[in-house]
Structures are given as structure tokens and as C-alpha cells.
Amino acid sequence: MVPVDGAAAVWDDVLAAGESYGLQPAGLGARDTLRTEMGYALHGQDISPTITPVQARLGWAVGWKKQSFFGADALRAEKLLGPRRLLRGLRATGRGIPRPGMSVRAPDGHQVGTVTSGTFSPTLKIGIALALIEAGLSDDDVVTVDIRGRDEPFMITKPPFVTPGVREA
């Protein structure tokens with residue numbers, strides 16, 4: 001945390017210190033695109049009071065061994081029975097760019113879910129999304145996303161969309 005009257009100086013110092021390493025500023029738009037490419041959930045979109053950690057595939061972050069915690073009974077029951085919907089990856093097979101709130105449909109046209117996070121992937125040069133969809137669908141199933149009245153084809157996939165790794169200098 002930096003006092004507001006010192007923030008500009010700290011910003012300038014950080015940029016100067018990183019200049020020899022090729023450091024460049026990146027805004028929230030870049031953060032959102034990069035986290036979506038990695039399949040990282042954003043609170044309030046991909047996990048929320050209405051999207052459980054089980055549905056968001058974040059069960060690894062739940063203290064299952066604790067005797068009691070807020071929502072324990074409901075989460076344990078959902079884990080045991082299996083969630084009715086799951087957060088899945090969608091990869092465009094056409095030109096569509098998905099956005100949060102867009103409908104996901106099965107080939108027969110019935111709605112099977114909703115895009116929670118969607119963007120154009122600068123790495124892959126295609127549209128990608130995280131979507132909360134019916135649990136019965138599988139990787140490689142084809143669905144459509146309603147993009148401003150056009151049904152655009154997408155393939156269900158398991159994130160991350162890009163290969164994780166660290167680039168050496």
C-alpha cells in the first residue's frame with residue numbers, strides 16, 4: 001500500500017527498476033485476458049454466492065476435512081451427488097468472441113448454460129470463454145453461443161487454453 005501522494009513516484013521507480021528486464025505496464029484488460037487464457041476463476045463472475053466452489057471446480061480450495069464450516073452441509077451434498085452444472089472452457093471453432101452473460105446452447109437449440117467470462121485470446125487468436133453449463137456435457141462436445149443473435153460454434157474444453165510455462169530471459 002502506498003499513500004496517494006507517493007503513488008506516482010513509486011510507479012515511476014518500479015518502471016525504471018524493471019526497464020532492463022523489459023517490464024511493461026499492463027492494465028486490467030490484460031489481466032482479464034491472461035487469467036481467462038489460464039482458466040482462472042474471477043470472484044463475482046465464475047464463482048459467487050450463486051456459483052459454488054464445487055460447480056466452479058474449485059473444490060481443492062475447500063477445507064473438506066474441517067468438521068464444520070459455512071455451507072458445509074450443502075457443499076458436501078453437492079459434491080456427493082454431483083453438481084448439476086460445472087464451469088467449463090469453451091473454444092471458438094468460428095469467429096465468435098464470447099462475453100459474460102451470453103447464452104450457451106446445445107445443438108438442438110435448448111439453453112445449457114451461460115458464459116461467465118469470455119474474451120478474444122491474443123495468444124490463440126480465437127474467442128475463448130469460461131461458462132457454467134450442464135454437467136452432462138463432455139469435452140469436445142460442440143455447443144453454440146448466442147453472440148448478438150448469431151449462433152457461433154464452440155467446443156467444450158478443459159482449461160487452461162494455453163500451455164502454462166515460464167519464459168526465461
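The dialogue below takes up the overall fold, the strand pairings and a few individual residues.

Q: On what conventions do the values rest?
A: The model is predicted; local features need pLDDT of at least 70 and side-chain atom pairs pLDDT 80 or more, while totals for chains, interfaces and linings use all residues. Residues are numbered from 1 along each chain as its sequence is written, and side-chain values use heavy atoms, with hydrogens and water left out.

Q: Which secondary structure elements does the protein contain, and in what pattern?
A: Helices (H or I, at least four residues) and strands (E, at least two) are DSSP runs, numbered from the N terminus. Here there are three helices and six strands, and along the sequence they follow the pattern α-α-α-β-β-β-β-β-β. The C-alpha trace spans about 55 × 50 × 30 Å along its principal axes.

Q: How much of the protein is buried?
A: A residue is buried under 20% relative accessible area, exposed over 50%, and partly exposed in between (1.4 Å probe, protein chains only). Of the 169 residues, 36% count as buried.

Q: How are strand pairings read, and with which strands does β1 pair?
A: Two strands pair if DSSP finds at least two bridges between them. Strand β1 (residues 85-92) pairs with strand β6 (residues 150-157) in the antiparallel sense over four bridges, and Arg 91 stands opposite Met 155 in β6. With β4, strand β1 pairs in the antiparallel sense over seven bridges; there Gly 89 stands opposite Leu 130.

Q: Why is β1 described as largely enclosed by the rest of the structure?
A: The description is given because seven of the eight residues of β1 are buried. Leu 87 lies in this strand and counts as buried because its relative accessibility is 8%.

Q: Which residues does Leu 87 contact?
A: Contact means heavy atoms within 4.5 Å. Leaving aside neighbours within four places in sequence, Leu 87 is in contact with Asp 46, Gln 55, Ala 56, Arg 57, Thr 116, Leu 130, Ala 131 and Leu 132. By contrast, Leu 87 and Lys 65 are 22 residues apart in sequence and 24 Å apart in space, C-alpha to C-alpha.

Q: What do β5 and β6 form?
A: They form a hairpin with two residues between them, and Arg 148 in the turn has a positive phi of about 50 degrees. Strand β5 (residues 142-147) pairs with β6 in the antiparallel sense over six bridges, with Val 143 opposite Phe 154 in β6.

Q: Is Glu 152 buried or exposed, and what does Glu 152 touch?
A: In a regular strand the side chains alternate between the two faces of the sheet. Glu 152 is placed in strand β6 and counts as buried, because its relative accessibility is 12%. Not counting residues up to four places away in sequence, Glu 152 touches Arg 95, Gly 96, Val 143, Thr 144, Val 145 and Ile 147. A polar contact of 3.0 Å joins the side chains of Glu 152 and Arg 150; such a contact is a pair of N or O atoms within 3.5 Å, where, within protein, one must be able to donate a hydrogen and the other to accept it, and residues adjacent in sequence count only if both atoms are side-chain atoms.

Q: Which residues of helix α2 are buried, and what covers them?
A: An α-helix has 3.6 residues a turn, so residues three or four places apart point the same way. In α2 (residues 28-38) the buried residues are Thr 33, Arg 35, Thr 36 and Glu 37. Their cover includes β3 (111-121) and β4 (126-134). Just after this helix, Gly 39 takes a positive phi of about 80 degrees.
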